[in-house]
Every structure is written in C-alpha cells, then in structure tokens.
Amino acid sequence: LLANTAMQAQSLLVMVHGACKDNNSGLGMVSGKNMNSTFMPAVTEEKRPTRPALYSEQLLPKAPVRGAKAPGMSKVTNMHIMIEFSLQLLLSCFKRSSINTTDKEILRMLDPLCGLLSSFLGTQHVKLLSISLRCLVHLLPLPLPAMQRLIGGIVKHLFKVLKEYSVAGAALGNNHEMIVAATKAMTTIVRSFKKHKITDHQLELLMTYVEEDIHDFSRKGTAFPLLKAILSRKFQAPIIHDVMMKVLELLVMADVDTVQLNCRQAMMQYLLDYALGKKVQKHVNFLVKHLEFRVESGRESVLEMLNLIFTKFPAAAITDNAGLFFVTIAPRVINDESVLCRKLASLAIKSLLEKVEEKERNSLFSIVLLWLDDKTLPIQRLGYQITGVFVGMEGASFERRLAQFLPLLLKALISQGGGDDDDDDTDAEGTASDHVIFTALTCLTKIIAKSQLLSSEKHRDSMNSIWSAVEGLLLHPHDWVRLYCCRLFGFLFAHWPVDKLLASAQAPASAGRKRKHAGVETVYLRSDAAMTISLLA
C-alpha cells in the first residue's frame, strides 16, 4: 500500500478510518457492562446428564467421545490486530511524510481520527496502546479542533499509563515502547498545549518521573525533552528546584557524554528562564568547586558549562563574579593534566574577557601583571599563558598594555636565560625555567603577529633589549626555545625589506656608532646590520 504511487493520501486515510471505526465497537469490551452481545454470543448452559452408578466391575472410566461441541468463538478476539495494522499504516505515512499536514483537506480528514485514537488509550492490548500513542505524537502538534476537546481525557489516560508502567522493572519489552511513546506524547502536550492547565499534583508526578528517568539509561532520551518542556512553561514548584540541583550534579558526575550535554542544556535553560536571584550564586559556586573534579569528563563538562554561562548570561551578571571566575579558571590552563581541559579553560577565559567591559578587563590584567612579577616560576608561566589569551582576544588593541608588559618580559628572558649554563638545568627535561622562557617567547610571537610592534617607535628601546635577549637564547638547550627564537627572527627578517638591510650592512660601522653616540634611536638589526647578521649566521 505504501509503495503504491497511485493511491492518494485521502484514500489511505479513508481506509484507515474505516478499519478503525468498524473494528472499534467491540474492542476490549470482554467483560462487565461494556460487553457487546452482537460480538460476544451468549453461551447457554446445557443440563448435564446424571452420572450412572458404577458397579464394582466398572472401575475404569469410559473412553472420551470424539466430536464434542467446540467452544464458542468471539468476533472481537482479533479486532485489535486489524486496528494495529491500520494504525501502523498511518504511522508509516507520517514517517515517510506521505501526508501533507499543511493541507486543510488532510487536516479535516485527520480530525475524526483523534476521537478513535483517544478511545484506544483504554485498551488492554499493549501493542495497540503503544502504536496509538505513537500516532498521537504526530497528531498533537497539528491544529485539530477535536484534539483541543479531547486533550483532558488524553492527559488522564497518559498519567494512568505512566503510573502503572513507569515503576522499576515494569518498562520491559513492549511496555518500554509504550512508556517511551507516552512520555513523548506528554512532552508534546506540555510544550504545545499551553492553554491546558497542568495541576500542581500532575506537575509533581511529572517531575518525579523525570527524576527517575534521568538515572535510567534506557529512558534518558525521553526524560530530558520532558524536563525541557516543563522548564519552557516556567512552572513554579519546589520540586523543580530540587530536581535541577540533581541535574547539576549529574552534569559533573555522569559518565555518558550525551547525558552531560542534555544536563548542560537543561541547566542553562533553567538559569536563564527562572528568576533565581541569589540561588544563582549557589549553582556557580558548585561549578567552580568542581573545576578540580577527579574525572576528566566531569571537568570538561564544568568548563563547557562555564563557557555557556559566559556566552549567554548578561554582561552585568558576569561582571559581578568576573574576579571569582578568572582566578579559579586561569590555573586550569597550566595545572590540568588533560590537554582538552587546558584548551577549554583558555576558551572560557577568552569568553569571559569578551563579555566584560574594558574597565573590568583592565582590573583582570592587573592581576596578570602581579603574576608576571612573581618570583615563583609556575606563577610567571601562568601569567604569560593568560597574557597570550588577552592578546588573542584584544588583537591590535593590546598595544596599550605593552608599556607595562615589555619590561616584565625582558626581565624574565634575562633572568631565566642567564641560568641556562648551569649543569643542573641542561639535562633536566621540562624544567620550570624552560617552561617560563618558552611561554614568554610564545606570548611575544602572538603579540608580534597581532600588532605593529616591530615598527613601533614608542617601544624601540625595549624591543632592542628584548631582541638581544632572544639572540642569547638561540643556543638554549631546550629545542622548543630555540625553535621559537628562530621563529621570532623570521618575523624580524620578514618585516624589513631586503634593500634596506643591504644598505645598512654596506654602510660603515662608524656611521652606526655615531648615531648611537648622538642619541638617535636605532632599530635592532639595522643599527649595525653587518655585525648582527654575521652573529646570527
């Protein structure tokens, strides 16, 4: 039927409606007042023959007689199979988009099916109930008048199904498919039928089901959409806040990436849509506290959540806690064992700097300057690492901070570079001093790439001294240090045209010395180009 291109959607809907309606009269009515005598013929009792008295020689019973009267058959026994077939045909049409739900004529033909599907929700056949719920999931978002009238009864049936089959151990086999379909239908009702009022008791039941399902691996896929639908309606109930606190814990401690992703999405929706006031600080403190969580996936989830907060929260809310975020996330850039966590920490710092205003950014950079001037090598390394994040975020505007930064950079290159001759440091792999020099050179590379520092006259004296220090590091025992020194000189050679360098190299050396004695500022590599190039060679 589905492969028959000559069969139009209207004819298919007529067939589905007729099959469901013709077989619905006696469906499930097998006892009590709902029994239909037309489909359930009465069974009359016949007078049983009296048993003859047995003599002593007749101890064995008689052989059973063949051809006894067969039990009565009911016409409603297999009616549900025909209805299941019809609804499966309808569901396949929805999945294949064979039915144009924007056509008004199609909507008029779908409207009578709402009452039939609603009546099927009271059946005892699990498979029929499941497929009826799956069809309802497709019909609920459509603008059908009958659905607006029947929504109250549908909700009652859904709560009955969830109550009976949502307990532990009951959602197995066909029951699992039915529970999933019921949860999806309830999610659609909560999200789309805003005129239908959800009572406090029903809301408490739904949140209880959500709380159970988010810990059930087989039903997490339906629990989180239901939770997001409830949050979108902005219901107010104490149980919502309790459940969201457990979602926050699951955001850190879950061992499945998709669960952590759904927790972050639900938590972000909760923080943005609900007026929490001072409760937000409680959630923020929880996230900051778990930046040192023992499991790598938990730290990654926390950093991604903080990045979402910096991106979507208002600037005023971020500015109030900018210092707390900065001093707690920044150490993760160098201290975390995971490479991915270090990258996520850098991205979070960058998002924080992009969100706050310039005044607050200046305050944060003053903290970085204190780190750069610290005598502890790991703290200096942290300062240069975060400075690189500032450079990547501000770009050319970072030049206004060079007056404070360049003296500290020169101090580090001279002090750490002067200790390279010690025997204790030459054979040590990844010492703190080497890391500081390498991070400082990396930071300088970013600054040169983002700004006009090489041609700046304001910082010419500082840069001449820095270039001399970098020249002294060309023979450093650490490979990475030598690599970045060569890269920096590559920037320098690429900056100056060849003809100017040749002219400077061919000029007499006395001319360069005269310019120095006269107090005229000269550029490194051009003050005495011949001597400098020969030394570098």
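This is a predicted model: local features need pLDDT of at least 70, side-chain atom pairs count only at pLDDT 80 or more; totals for chains, interfaces and linings use all residues.
Select Glu 394 to begin, and then show the residues around it: leaving out those up to four places away in sequence, Glu 394 touches Arg 361, Arg 400 and Arg 401, where contact means heavy atoms within 4.5 Å. Glu 394 lies in helix H18, helices being DSSP runs (H or I, at least four residues) numbered from the N terminus, while strands are runs of E with at least two residues.

Residues are numbered from 1 along each chain as its sequence is written, and side-chain values use heavy atoms, with hydrogens and water left out.

Next, select helix H18 (residues 377–394) together with helix H21 (residues 432–450), whose axes come within 9 Å and cross at roughly 15°; axes are lines fitted to C-alpha atoms, for helices over the stretch in contact, and angles run from 0 to 180 degrees between N-to-C directions. H18 and H21 are therefore roughly parallel to each other, since angles under 35 degrees count as roughly parallel, over 145 as roughly antiparallel, 65 to 115 as roughly perpendicular and the rest as oblique. Among the residues that make the contact are Tyr 384 and Val 391 of H18, with Val 436 and Ile 447 of H21. By class, the residues of this contact divide into eight nonpolar, seven polar and three charged, where Ala, Val, Leu, Ile, Met, Phe, Trp, Tyr, Cys and Pro count as nonpolar, Asp, Glu, Lys and Arg as charged, and the others, Gly among them, as polar.

Stay in helix H21 and select Ile 447, which lies in that helix. Is Ile 447 buried or exposed? Ile 447 is buried, with a relative accessible area of 1%. Apart from its neighbours within four places in sequence, Ile 447 is in contact with Val 391, Phe 398, Leu 402, Phe 405 and Leu 453. Of these, Leu 402 is 45 residues away along the chain, and the C-alpha atoms of Leu 402 and Ile 447 are separated by 9.2 Å.

Now select helix H8 (residues 220–232) and helix H10 (residues 257–273), which pack at an angle of about 5° with their axes 10 Å apart. That angle makes H8 roughly parallel to H10. The residues in contact include Phe 224 and Leu 231 of H8, and Ala 266 and Tyr 270 of H10.

From there, select Ile 240, which, leaving aside neighbours within four places in sequence, is in contact with Leu 203, Met 207, Ile 230, Leu 231, Phe 235, Tyr 270 and Tyr 274. Ile 240 is one of the residues with the most contacts inside the largest nonpolar core, which has 161 residues; such a core is a set of buried Ala, Val, Leu, Ile, Met, Phe, Trp, Tyr and Cys residues joined through side-chain atoms within 4.5 Å.

Finally, show the whole chain, which has 26 helices and zero strands. Of its 537 residues, 45% count as buried.

How values were computed: Buried means under 20% relative accessible area, exposed over 50%, partly exposed in between (1.4 Å probe, protein chains only).
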